[in-house]
Amino acid sequence: MAHEPPPTQEQLLLESFLALETPEGFKAELIEGEIVVAPPPDGDHEDYISTVVRQVVRSATTEMDVSGNKGLILPRGGLCPRNRAIPDATFAPRSLRLFRGAEPWMPCDGVAMVAEVTSSKPFGDRGTKRACYALAGIPLYLLIDRERSSVTLLSEPDGDDYTRAISRAFGKPVPLPEPFGFELETADFG
């Protein structure tokens, strides 16, 4: 009778993460072998995301679907077999219908852009998630940095980073390339 090998530390971590029950409104992510649990966002955070979503829906040259709670499975990048992140907003061309029928955690193939608003611990959004999203090949990463009062659009992923970054202070427009094809107004962020 063959015996299965004992689970690896990576497998145990992933199983523990997937079995985790968070309090209502909280979200849990598995990033670089660390389980991160975040409380519900404050009103300003939600206002920033709402402002971005509203402009994308109104102005993008390609019709977009958006999810504020879509769990993404990202490529390996350290201790865990797969990183699992929940961006503040995930955008995909409507024609792909990526969210329809998707499991709670889905691959990021076809995602056009993710957006994050920094929290009280901004390093994760500025560093770790940036590397994970680039490694996953997500074409655009929009970072709204409340502490720095700026918006940064990262593009052209190569390995675990983006090779192009455009940063603007709140109040200055940020050009979003195709498939969005418009300038994101940030005056309401200030």
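1. A28 is buried, because its relative accessibility is 11%. Buried means under 20% relative accessible area, exposed over 50%, and partly exposed in between, with a 1.4 Å probe and protein chains only. This is a predicted model, in which local features need pLDDT of at least 70, side-chain atom pairs count only at pLDDT 80 or more, and totals for chains, interfaces and linings use all residues. Residues are numbered from 1 along each chain as its sequence is written, and side-chain values use heavy atoms, with hydrogens and water left out.

2. A28 lies in strand β1, residues 27-31. Strands are DSSP runs of E with at least two residues, numbered from the N terminus. Beyond its neighbours within four places in sequence, A28 has contacts (heavy atoms within 4.5 Å) with F17, L20, T22, V36, V37, I86 and W105. From A28 to P39 the C-alpha distance is 9.1 Å, and the two are eleven residues apart in sequence.

3. V37, one of the contacts of A28, belongs to strand β2, residues 34-38. V37 counts as partly exposed because its relative accessibility is 42%.

4. Which residues does the model have in disulfide bonds? The count is zero disulfides, a disulfide being a pair of cysteine sulfur atoms within 2.5 Å. For C108, the closest cysteine sulfur is in C132, 10 Å away, so the two are too far apart for a bond. C108 is buried, with a relative accessible area of 7%. C132 is buried as well, at 3% relative accessibility.

How values were computed:
Helix = DSSP H or I, 4+ residues; strand = E, 2+ residues; numbered from the N terminus.
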